[in-house]
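Welcome, and please have the sequence and the 3D view open side by side. The tour below goes through a few strands, some charged pairs and one surface patch.

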Amino acid sequence: MEEFRVHRVRFFQYQPNAVHCLAYDNAFQKLALSRSDSSVEIWSEKDNWYQEKIIPPNEGGSVEALLWSEGRLFSAGLHGDLQEYNLCTLTSKYAVPCNNGAIWCLALNDERSRIAASIMGTEDGCVVLYEITPTGVEYHRTLDRQEGRILSVAWYDPENVIVTGGIDNIRIWSVKSGHAIQRLTMGRQLHNKETIVWAVAVTRDFTIVSGDSRGMTSFWNGRQGTLIKAFQSHKADVLALCVDAAGTSVFTSGVDPAVVQFEFMPVSETSDWSIWVRTTVHLQHSHDVRALTLTETSLVSAGVDCQLIVNELELTQGIRMCRHHPPIPQAPLVHTAKAVKMVLLQYATGLELWRLGSTDRRSEKDGRILSLSSNPLKLLKLTSHHDERIVTSAISSDGSLIAYSDRHCLRLFSFVVENPTDALPTMELRRIRMQPSPLPARSLTFTEDGSHLVSLTCEGTVQVFDMSGEQPKLEATLQSPSDGGNGVHLLAVNPSGKYIATGDHSNNVHIYSLKKLKHDCSLPQYAFQPTALAFHPSSPELVVAYSDRRIVEYNIARREYTPWSRQLASNPHPQWLRGHSRINQIMYHPRQPHQFFLRENTMFWIIDKTQPLPEPSQKLYQQYRSKKNLYKKKSQTKHAFHTCTKYKFLLHLDILDEDFLLIVERPPLAILDNLPPVLIQKKFGT
Amino acid sequence: MSTLSEASTLCTLSNANDLIGLETHHSEPNLVIITRRNRNITVLDVNDQKPVKDWTAKGGQQLSCPAIFCPATGQYATVINEKILVTWNQGDLVIDKTKKIRLGKSVHRLVSCPSRCHVIAFEDATFCWSDKPSDFQGSPIACDTDSVTWCGCHCLKEQTYLVFVIRNTKNKSLLKIRAYQLGADIENSEVLNWQISDNLGNEEPLDFALQYQSSQLYLLILWPGGDLLRSCLTGTEELGKISHMSDTASILALDDTQVAVSGILSDSRQAGIGIWDVRFRLLISWQPFLEPVSSKPQLYRHQDRLFTVCDRRLCVYPFTLSRSTIGAALGKLGQTAITLEKSQTSKLTSLFNDLISPAKTPTEKKFKDTFAKFVSFVATHNEDVWHHLDLMESLVKRCANEKKFWPREELLDLITKKHLTGSMCVSLFPALVSHRDVVLLHRCLQYIEDIPESSLVQCLAFYVSTDDNKFSIEFEDSVDVNGSSSLSPSGTLKCPFEHDKATVINHLLMYPSNDIFLLESLRTVDFSVILDLLGYLFYLMNVTTSPVAPSEKPLKRNLPAAGRPSLLKVVDWASVVLDAHLTQMVLSTEARKVLVELHQVVMEQVHFYDELVGLEVLLAQLKQSRTPANKQFIGHYCIETLHIA
């Protein structure tokens with residue numbers, strides 16, 4: 001259908017961080033995930049596992065445990081503080097010190113009123129109880145100190161006891177008295193090597209499940225303190241363990257990345273005597289699994305290989321559905337200055353500005369690499385102030401303005417290149433101070449002509465800065481017409497500079513008039529969050545992709561969906577809706593506005609509105625090409641959906657002048673290469 | 001298309017001539033009445049082959065015609081001792097105690113008439129109704145020399161036809177047919193008399209059948225040899241010849257175009273029963289007899305079943321009838337018997353008959369003249385004759401079987417003009433071998449395609465066992481030996497055969513053949529011949545290195561036999577020869593030397609091919625290393641083309 005010359009950029013060395021812990025909130029269907037850099041991510045299960053928010057890490061912070069209570073998110077770490085997050089501004093609300101040392105583990109009682117924090121200590125450990133109040137967390141009491149660290153903790157409410165796992169033993173504590181009432185001794189694999197209980201959990205019938213450094217999963221009778229059954233389930237430490245609500249199914253995993261399921265099953269169909277048996281083994285992770293959690297329908301596992309794997313518990317049509325969520329953030333990390341062919345790459349604590357290479361060659365053949373007439377050049381490396389985490393960044397179309405925002409403030413720079421085509425151009429970067437200092441931004445964008453900077457603030461408002469004068473001037477602060485308490489995350493500006501569109505986590509899309517500086521209209525509210533927005537290059541139309549992969553096109557002037565959008569909505573393609581990944585980016589072709597481009601993590605689509613929509617029976621693309629189909633001619637029937645699966649993972653896609661496309665990709669193998677080594681396992685033939 | 005299903009046994013009989021007749025029970029659909037010579041009358045259910053009723057006549061009485069059931073009166077009837085009519089009811093236990101009527105004349109058969117009581121047909125071609133046994137109708141046969149050979153009836157709803165075929169014992173070429181059209185009442189009977197006289201010869205007709213077509217009654221007459229005549233009041237027509245008839249046969253009309261024939265032979269000469277299409281003159285369906293049949297296999301029909309006696313079994317052949325169409329007939333033409341059209345080419349026929357009859361052309365001169373006449377006549381009038389396989393086959397047989405002289409020129413003429421086909425070689429080759437005619441055999445291999453493997457092997461055995469000098473003498477003038485110079489002995493190895501003989505044998509070895517059939521035929525060949533052949537194959541294997549001979553072009557066999565057979569062909573032949581005589585090879589001491597030598601040369605070849613495999617791998621690697629790398633290195637940045645479908 002179309003032939004492009006692609007700038008295939010692989011020099012963006014984006015490296016995701018290992019996942020340390022997971023916590024799932026049943027009430028709001030949200031998953032909290034912390035990474036090794038102590039950032040916390042919030043994923044929404046009901047929005048098709050959409051990565052909603054990233055809470056930037058504190059300096060020197062650490063997150064070793066996460067906990068949800070009534071929609072409030074708590075975390076604790078090696079710094080010894082228990083802190084709660086403000087999920088709107090994405091900052092820490094407060095921190096309560098435990099005064100005893102590093103916190104290793106958190107547990108919540110059934111009434112969701114108390115938190116038990118296990119204190120690792122240096123030589124001795126203890127359990128500290130906190131009371132959750134509507135405004136914060138209050139210290140309640142400390143249980144008896146014990147010899148050795150405490151690495152895992154679990155509540156058993158019916159008997160008002162706490163179970164802790166430590167070195168060589170599991171202890172059962174009475175909350176009422178604060179004393180240990182029972183001690184379960186672990187065996188040792190080697191005489192001089194202590195057994196560490198990394199994870200404990202308690203089922204409803206007071207069966208204690210423990211995973212330890214021997215790679216064993218053990219089941220204990222909590223009342224009598226006897227071992228029921230122990231499985232050598234893993235070849236190395238069991239780090240994570242979770243029990244389902246009914247208490248009949250247990251999942252464990254760890255340094256040996258196999259996720260093993262145990263089930264409490266009757267010995268025969270008619271028998272009422274049940275035993276624990278090992279059932280399913282999932283081998284999906286390449287590296288250590290650090291955390292496991294169960295949602296209502298699925299098992300979520302994550303670890304050092306940075307990806308999130310969601311396994312459905314029930315079979316659908318005889319297949320256990322499994323989704324891999326690659327560690328690619330939903331928010332854009334790459335911005336383009338189209339007019340000067342520059343790319344701004346956003347790293348965790350710095351920005352890089354690159355000038356793209358060029359070629360005047362063409363080729364009729366697909367996949368041919370063209371010889372370059374000039375090589376790409378790194379023009380600028382900008383490190384953030386105090387190595388703060390960069391939340392968002394932007395570059396103007398002519399490359400003269402660069403803006404970025406961290407947790408605390410928004411910074412603006414002017415950038416001048418003297419002789420841009422030279423091999424070694426001379427450059428000048430100057431910070432532009434803004435008075436009064438603007439709010440930190442969640443998302444930034446310049447208008448096409450560079451006359452305005454639009455910022456989506458952390459408070460959910462839209463700030464418009466006039467950049468035409470000597471000094472940037474705050475023109476207006478636009479309040480969201482709906483309650484922005486959930487946070488706004490998407491921002492788009494009309495190329496003609498007339499409109500601004502925002503999308504928030506409450507499934508709203510608002511349109512503001514940039515000329516009148518006020519709210520203009522809103523799209524009908526949908527059941528899912530918007531994931532990408534884009535304006536039509538010439539006419540007042542907006543295309544929105546939602547997290548369930550629905551696409552709508554809205555005419556702002558007429559206040560209605562366009563006819564094509566209605567046609568698409570009336571016969572959605574089943575294969576399209578079945579797709580797992582969300583649409584991270586959407587854009588119109590600037591010169592052929594009847595086409596628009598959609599970017600997912602592993603592929604991009606071109607949808608041509610002039611072509612007929614595919615019939616439900618037609619395949620959009622061949623997901624798996626079997627050998628038989630390999631030589632089969634592709635079906636000649638043309639439809640509107642065109643796909644390209646050549647690039648993985650796609651971080652950015654842009655349409656430049658002529659027939660040039662810009663694709664920024666991060667190959668999965670490149671991410672894997674930078675990960676720590678895995679547990680060495682003997683495989684056949686090696 | 002009509003089909004005949006496999007036979008099953010309805011009941012067993014005491015001997016082959018036990019059955020007097022089988023009649024349909026007109027009131028019950030599945031019942032037949034079987035009358036046996038051992039005075040037994042059985043009513044059988046055809047579906048489950050169970051006897052329903054059973055009566056036996058008293059000792060000393062002889063049942064003389066098949067018992068029938070008359071639906072009008074509800075009574076059974078049969079004839080005892082030729083002249084006594086017996087009728088009895090269903091409930092009667094013994095037939096002796098029932099009503100008996102003594103008739104004045106011998107009864108030929110009883111005919112059940114559905115509309116009225118039954119009809120009694122007498123030996124003198126008269127008949128009477130059973131309710132008026134003394135009221136003879138029709139005119140009796142005038143003279144003593146006449147006799148009724150056959151009597152048949154055809155029952156319609158309102159009318160019954162009763163037909164007598166009368167033959168004069170002196171004038172055998174005359175058949176008198178007397179047909180009565182019987183109406184519902186006695187007065188309405190009508191007599192139709194006609195005669196058939198022409199072209200009957202002295203032979204007795206095999207069987208007769210009645211056929212009713214477009215309100216006209218026809219009599220079908222089957223002659224020995226399969227000729228079928230159809231006769232009616234207005235005249236007689238020939239219905240062609242039923243091919244592959246056995247000596248005894250009977251016939252039954254199934255509908256207006258299809259007849260059932262028992263005693264028809266299959267391709268493997270097995271006798272059986274078939275459905276013959278009169279219109280397209282072909283055999284539609286065929287089933288074998290369950291047992292060999294010695295006497296005349298009389299056919300009976302009841303609804304959609306045919307009955308016949310096979311030895312001591314009464315067999316049932318279920319059949320289905322459908323209209324014969326040209327579409328169904330297509331592809332079955334191989335079984336068609338071709339006869340020359342009399343009216344057009346009677347001269348040709350007589351010439352041909354002269355040619356194939358040893359009596360008409362007893363001497364070589366006469367034969368030659370007739371052959372020349374025939375050839376010239378065919379050339380001017382009807383070239384198609386050459387394509388009539390039957391005719392050509394009979395001509396070849398005549399030539400091959402001729403003891404008094406050897407019509408070599410004529411055969412050569414036939415072979416070189418490609419009038420003969422592969423199948424005729426079966427009869428031709430033994431004659432050629434017995435006349436030791438190497439040239440003609442060679443010509444056959446050159447001109448005739450699809451020679452059966454058995455003939456090939458016969459020819460090969462003859463070649464190998466014939467002295468070398470025979471070849472050289474007879475080949476001087478006739479066989480082109482161009483291009484065979486490559487057969488000259490190579491190195492120390494000497495060819496076991498002379499040059500000409502080797503050329504001829506090479507030609508034969510290159511003839512297309514099938515291993516399976518070769519294997520069968522080779523088993524019959526004498527072991528000494530096999531040893532000689534193996535020796536020659538060993539020699540060929542030694543001198544041949546190329547797996548495919550450049551000159552092996554099977555389609556152009558009429559070209560001079562140049563070169564040797566390919567190595568593959570030689571190896572095929574060697575394998576087949578060894579396979580065919582494996583046991584003897586193991587036991588025989590003479591074979592030992594040639595086997596060891598053969599093993600040696602095969603081993604050498606295997607080594608050679610092993611080397612070739614190594615070379616192939618090496619060359620493949622070289623080729624691979626020479627082709628440019630497909631994979632492009634992308635690196636950190638590139639500009640590439642992308643085509644999106």
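## Ground rules

Axes are lines fitted to C-alpha atoms, for helices over the stretch in contact, and angles run from 0 to 180 degrees between N-to-C directions; contact means heavy atoms within 4.5 Å. Helices (H or I, at least four residues) and strands (E, at least two) are DSSP runs, numbered from the N terminus.

This is a predicted model, in which local features need pLDDT of at least 70 and side-chain atom pairs count only at pLDDT 80 or more, while totals for chains, interfaces and linings use all residues. Residues are numbered from 1 along each chain as its sequence is written, chains are lettered from A and ligands numbered from 1 in the order in which they are written, and side-chain values use heavy atoms, with hydrogens and water left out.

## A four-stranded sheet in chain A

Let's start with an open sheet of chain A, where four antiparallel strands follow the order S48-S49-S50-S51. (Two strands pair if DSSP finds at least two bridges between them.) Its edges are S48 (530–535) and S51, each of which pairs on one side only.

S50(A) and S51(A) are antiparallel and joined by two bridges, with A:Asn555 opposite A:Glu560 in S51(A). Across S50 and S51 of chain A lies helix H1 (residues 563–570), running at about 155° to S50(A).

## Salt bridges

Over all chains, the whole structure has 38 salt bridges, each a side-chain nitrogen of Lys or Arg within 4 Å of a carboxyl oxygen of Asp or Glu. To describe their surroundings, buried means under 20% relative accessible area, exposed over 50%, and partly exposed in between (1.4 Å probe, protein chains only). One of the pairs is A:Glu553 with A:Lys609, at 2.5 Å from N to O. A:Glu553 sits in strand S50 of chain A and A:Lys609 in the loop between strand S54 (604–608) and helix H3 (627–630), 56 residues apart. A:Glu553 is buried at a relative accessible area of 1%, and A:Lys609 also counts as buried, at 18%.

Another pair is A:Arg559 and A:Asp520, at 3.2 Å from N to O. Because A:Arg559 is in the loop between S50 (551–555) and S51 (560–561) and A:Asp520 is in S47 (residues 518–522), this bridge ties together parts of chain A that are 39 residues apart in sequence. A:Arg559 is partly exposed at 42%, and A:Asp520 is partly exposed at 22%. There is also a network of salt bridges that links A:Arg8, A:Arg10, A:Lys646, A:Glu665 and B:Glu640.

## A covered strand in chain B

Which residues of strand S12 (residues 119–122) of chain B lie on each side? B:Val119 and B:Ala121 are on one side, B:Ile120 and B:Phe122 on the other, and all are buried.

B:Ala121 has B:Arg109 as a bridge partner and stands opposite B:Phe127 in S13(B). Four residues separate the strands in the hairpin of S12(B) and S13(B), where B:Ala125 takes a positive phi near 70°.

## A nonpolar patch

Finally, B:Phe608, B:Tyr609, B:Leu612, B:Leu615, B:Leu618, B:Leu619 and B:Leu622 make a nonpolar surface patch of about 630 Å². Patches are made of residues with over 30% relative accessible area and no salt bridge: like charges are joined within 9 Å, nonpolar side chains (Val, Leu, Ile, Met, Phe, Trp, Tyr) within 5 Å. Accessible areas come from the Shrake-Rupley method with a 1.4 Å probe; for residues, only the protein chains shown count as cover. B:Leu615 belongs to helix H15 (residues 590–626) of chain B and is partly exposed at 43%.
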